[in-house]
Amino acid sequence: MGSFTFKDRKERRIASEGWRPRKTSSFMKGSHLLCEGLSAHNKQQLIHLAAQQEARSTALQAVLRGHGLSEEAMAILQSLDLSGARWQVCLIHSADPCSRDLQQRLQHFLWEQEQLYLVPLTERQWAIVFAVRGYGPQRELDKRLQDLSVRLARFRTHMACGSSQASILHIAASMRDAQEAIAHKFYDITYMGVLSIHSVQGRGFTNDYAEAAPWLNRILGSLATLDWAEYVDAAATAAAGFKARRVHPEQVKTMTAYCMHHVREYVRRSMSRHPAAAAEPPDFLEVDLSVIGLEPLMERVSQYGQECFRQLLSCREEEALGVVQEINAYLKEHYQEKLSIKSLAKRFYLHPAYLGQLLRKKNGVSFHIFVHDLRIQEAARLLQEVQYSITEIAERVGYSNYSHFLKEFEKRLHISPMQYRKSIPSLKEHLKP
């Protein structure tokens, strides 16, 4: 999308006689974009207008980005620099890449204005460069920009204006001011209204890195235990800390990228032990961090975490059989002790929920049923020996509550421990009154 201005009725008439962009939103893409039906004269005029707008767009992009200007670009900007006018930049940032509907709304806004140019910067950012002469026109344009912000709210756009400059050649300073003002939208996610550099003066940011270390430790801990709830809570806690301290948005993004880099390295190391594993996890730095807003940034952290957890789970699935065998061996040696899924998970560095699911999947029964099965099996064996009373056997296999032992025994063998003992032929003589 190029920069636009319709300076007189002639240009408006030419553009209204049937010209429409076909497969691109750019105003200037050559004569192949002209619709059929225009006269040869009007086609020639429109091509000339398109070339003129393209040259203006290139010159304005260069000055906004602080690049050096060619003689041609300098001449173009000087021709726009009206005597007595001041120049200002309104920065527009969309949370999503530009849509056709959004482009059309911006074009319609520009259609109604004079000495106003729309300059594309990225697929999410545009700059409106405009000239104002006098207090009245300034107030009128401010109102129009506020109205535009309301119309663009559903596209999740932010708008901010920089300071006015005496020359269009100095609008890079206005651009920097607009960027500084729009940064304050990071913690204020409302999409209506136009911030100005004057309205945010005195509302500074801090460069507090204190949140990075604890956040990283919790994130890595959640990966080790495959605790998704902990991952989500760690991100939410970090976000609350950033907001409370008003950490500069760029610092927040830097810390986020730092933490996610370590997440990626952890996943890479885990996957390196499995040659048949899927491709490496994506690089978080490939995620678009130009987004304005703490909430959308945390959404990206969540999405990235989901992908990393998915890959870790696929790797853990390969390890699961060996882990279950090791856990089962431990349970067969320690079933008589006071066991819980939480203590077992801590011993084997797994999250309790994941461990419970793993044991049920591999053993076919839950952790508690598996332990009770082991205890009752041993109790049945000990009942074949006369040197232990039934109460002693219950205690030896791990039951401090005798009633609980009876319940679990009868559930599995459908008779009481005493009846079971009496049913053993070799013990009948010993058990006669």
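**Salt bridges and cores**

Tutor: At 38% relative accessibility, aspartate 233 counts as partly exposed (buried is under 20% relative accessible area, exposed over 50%, partly exposed in between, with a 1.4 Å probe and protein chains only). This is a predicted model, in which local features need pLDDT of at least 70 and side-chain atom pairs count only at pLDDT 80 or more, while totals for chains, interfaces and linings use all residues. Residues are numbered from 1 along each chain as its sequence is written, and side-chain values use heavy atoms, leaving out hydrogens and water.

Student: Which side chain meets aspartate 233 in a salt bridge?

Tutor: That of arginine 218, at 2.6 Å from N to O; a salt bridge is a side-chain nitrogen of Lys or Arg within 4 Å of a carboxyl oxygen of Asp or Glu. The pair links distant parts of the chain, 15 residues apart, with aspartate 233 in helix H8 (residues 228–245) and arginine 218 in helix H7 (residues 212–225). Helices are DSSP runs of H or I with at least four residues, strands are runs of E with at least two, and both are numbered from the N terminus. Arginine 218 is partly exposed, at 25% relative accessible area.

Student: How many salt bridges does the structure hold?

Tutor: It holds 14. One of them joins aspartate 101 to arginine 154, with the closest N and O atoms 2.3 Å apart. Aspartate 101 lies in helix H4 (residues 100–111) and arginine 154 in the loop between helix H5 (135–151) and strand E4 (157–161), so this pair ties together parts that are 53 residues apart in sequence.

Student: And is arginine 154 buried or exposed?

Tutor: Arginine 154 is exposed, at 56% relative accessible area, whereas aspartate 101 is partly exposed, at 31%.

Student: Which residues are linked in a network of salt bridges?

Tutor: Asp373, Glu408, Lys411 and Arg412 are linked in this way.

Student: Turning to packing, which residues have the most contacts inside the largest nonpolar core?

Tutor: They are Trp215, Phe242, Leu331, Leu344 and Phe405, in a core of 64 residues. Such a core is a set of buried Ala, Val, Leu, Ile, Met, Phe, Trp, Tyr and Cys residues joined through side-chain atoms within 4.5 Å. Helix H10 (residues 294–334) gives the most to this core, with 13 residues.

Student: What is tryptophan 215 in contact with, leaving aside its neighbours within four places in sequence?

Tutor: Its contacts (heavy atoms within 4.5 Å) include Ala234, Phe242, Met255, Cys259 and Val301.
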